[in-house]
Structure formats: structure tokens, C-alpha cells
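Please consider the model shown below together with its sequence.

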Amino acid sequence: MVNPSSDRYRLVVLFGGRSAEHDVSRVTAAHVLAAADLGKYDIIPVGITRDGHWIRNDKAIAALGELALDPTATLSLPDALEPAGTEVDPLPVLRSDDPATPIVVLPLLHGPQGEDGTVQGMLELAGVPYVGSGVLGSAVCMDKAMAKVVAEAAGIPQCKWLEYRAGGDTQAIADRVEDELGLPAFVKPANLGSSVGITKAHDRAELLDAIDLALQYDEVLVIEEAVTGREIEIAVLGNEDPQTSVPGEIRPGAEFYDYEDKYVTGAAELVIPADLDDAAAAQVRELAVTAFSALRCSGMARVDFFYEDGGRGWLLNEVNTIPGFTPLSMYPKLWEATGVGYSELIDRLVELAVARHRARVSFSTER
């Protein structure tokens, strides 16, 4: 159990992982290590390799130790942290042998086997606090199809969509897409992020190819209508009483906000705050909290919307429980514009993790 009087924590930063978003996670981890307050945290970076081995990055720990002793020193870390060093067993590294320095885990694992409730379940069983949503919220938000089912039940507006599963009749789903959604349409792996495996299909041939591509990443696909509207994002922070950032707008540099646009070319324009009138901004912030709560999120999430001005208005796109977290990512930039800096944001997330853990371990296990 976390010691509530402690003002210092061992922060285990988990990165890498067994997903197509492995490299994005490594970049995020490097930035977090550079920004975290060494006066508050003993940082233990642990990388998970693509084949599932847990590696403690000893070089990064040594560099952080030197910086803690001499704050004027320059922290020398690669732009993308490597899962390299000493192989460790997960449970021992997640448990503190010093009650005065309790552990908090910061999972920076994007995609399957990291953002989908699997690691969160392990952390629950280990009895350690961790940043972000719990098992259910993580699993539901990771599966775009299930998230849409929950959002629909909660009355949250969203675009038209269809689900397709591996082994189904591709010609039949193509017929439904043309009849019910129209073309172009977006084909997405249900359990992935960072726009990996996503295609905008303009005709039937592209649609069938897009389905084949997405099935390389997941057995469940989401096929959505192409919405002509603005892309607006809200950062949410909190547990029972979540707070929202100012809205931000993404103006893609490509036909849509794809992986290259996000991480390679950097051509997309991020407009913060978005040019919205007060009523529209208040409405989308309220909808973001509704989605955050309905999908059982906690700690943090980035809630993405489409805005059809003069049409259907706000349409939920998706909820990301471990959003991009580099200083150039939308989530921290939105909070910076709202008055919460990068280092402070890490502190707030750790505090929320401890508070959530403390509440959960207080529940009775007696009949």
C-alpha cells in the first residue's frame, strides 16, 4: 500500500511493448525521463522488447543518478529510449523494498499488451498504483468497436460505422459499406492507435485492400464513414471530478492525420486553442467529460471529436487512454495552453494514481 505521507516516489516508467506502436512509446519515454522532477522521483525506466522481455535501462538510470547529484549536469539520453540493459522479472521490479519510497508505475505503452488492460490487470494484481485508466476503461477504449457500442448506449453522438471480423464475407461487408456508409470510408484495426493500419478507401478495390491491410494488425476492424469536418481534441485529467483543457484543432498535412503526418513529416498544424465560439467550446468540453466517464476512464485521456459546423455538430471519434506524451504531442500541449506545464502534468498524474489506488485498497474484502 502506498504511504500517503511520502513526498518521494520510485517512478517505474514502462515503455516499448509488443505492439506496432513500440517506437512511439520509446520516444515518449525519453521525454518523460528528461522532464520528471528528480527531487521527487527515483526513476526506473523499464523497456519491454517486441518479444516481451522486460529490460531495466541501466545506462539511463546512471545518467539520471548523475543528474540528481549534480543538477547543473547535462542529461544525455537518446531521442528514443532503448529497452537495453539488465533483463528483469516484472513483479519484483514493480514492488518496493523500501516502504519510505513507494512505487508508482507510469505505463507509456501504446497499443495492445500495454494500453488495453493487460498490463493494468498485472499492476492491479501486484498491488501497485499506476497512472491512467483501470482494466475496464483501458480495454473498452482500446477496442474502437466496443467503445462505439458503449458511447452509443450513453447517447454520445458519433459517425456512422460498421464492424468487421476476420473470417467474414469481405464482399458482403463491402456491399454494406457502399450502401450504408458510402465511399470514401476509413478502415481501422479496432485495437491499435497512432494511425497504424488505417486506410482511407476511395473505391471498392481500395476498400478490399484496406481490409486486408488492417487484418494484419487485428481480427476486429472498424469501418467508418468519412466525415467532412474539423478535428478537435480535448485533454482530460482527473478521476471522479475530471478537468478539461482548452480545445485544440488538428489540421492534417496529408489527406488525413496518418502516421507519417504525426511522427515523420510533422506537416500537420496544431491550433491551440481551437477557433471555436464560447458555446461550442463549452459543449465539446462537457461531451469530453461525458465520454471519459461513460468509458470508465481515470487519470488521463485525450478525447477526439469531429465538428460538422452547420451539420450534425459534435461527433465522437475516439478516446485515447495513453495519448502521445512528448512535449510536441497534443495532450501535453493542450494542458500547457491551459496552464499546466509538462513536469507539473507528470506530478498531477502521479497524484491521481496514488489517490485512485488508495481508494481501491480501502474497499472491504470481508463478507
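A disulfide is taken here as a pair of cysteine sulfur atoms within 2.5 Å. The closest cysteine sulfur to that of Cys-141 belongs to Cys-297, at 3.7 Å, and this too is too far for a bond. By this rule the count of disulfides comes to 0. Cys-159 counts as buried because its relative accessibility is 3%, and Cys-141 is likewise counted as buried, at 7%. Buried means under 20% relative accessible area, exposed means over 50%, and partly exposed covers what lies in between, with a 1.4 Å probe and protein chains only.

The model is predicted: local features need pLDDT of at least 70 and side-chain atom pairs count only at pLDDT 80 or more, whereas totals for chains, interfaces and linings use all residues. Residues are numbered from 1 along each chain as its sequence is written, and side-chain values use heavy atoms, with hydrogens and water left out.

Cys-141 belongs to helix α5 (residues 135-142), in which Gly-137, Ser-138, Val-140, Cys-141 and Met-142 are buried. Helices (H or I, at least four residues) and strands (E, at least two) are DSSP runs, numbered from the N terminus. The cover over the buried residues of α5 includes α4 (118-126), α6 and β15 (313-320).

Four strands form an open sheet in the order β6-β9-β7-β8, with antiparallel pairing. Strands β6 (161-165) and β8 (199-201) are at the edges with a single partner strand each, so one side of each has no neighbour in the sheet. Neighbouring strands here are turned by 25° against each other on average, direction ignored. Two strands pair if DSSP finds at least two bridges between them; β6 and β9 (residues 220-225) pair in the antiparallel sense over 5 bridges. Within this pairing, Trp-161 stands opposite Glu-224 in β9.

Two helices meet this sheet. Helix α6 (residues 144-153) lies across β6, β7 (185-189) and β9, at about 55° to β9. Helix α7 (residues 170-181) packs on the sheet and touches β6, β7 and β9, its direction making about 175° with that of β6. Contact means heavy atoms within 4.5 Å. Axes are lines fitted to C-alpha atoms, for helices over the stretch in contact, and angles run from 0 to 180 degrees between N-to-C directions.

A further open sheet has 5 strands in the order β4-β3-β2-β1-β5, with mixed pairing. Its edge strands are β4 (86-87) and β5 (103-107), each pairing on one side only. Strands β2 (residues 41-48) and β3 (residues 54-56) pair in the antiparallel sense over 3 bridges, and Ile-48 has Trp-54 in β3 as its bridge partner. Helix α1 lies across β1 (9-16), β2 and β5, running at about 155° to β1. Ser-25 is placed in α1 (residues 22-35) and counts as buried, with 0% relative accessibility. Beyond its neighbours within four places in sequence, Ser-25 contacts Phe-15, Gly-16, Leu-108, Leu-109 and His-110.

Some loops have particular backbone geometry. The peptide bond from Leu-183 to Pro-184 is cis, with omega near 5°, and Pro-184 is found in the loop between α7 and β7. Gln-113, in the loop between β5 and α4, has a positive phi of about 55° although it is not a glycine; Gln-113 is partly exposed, at 39% relative accessible area.
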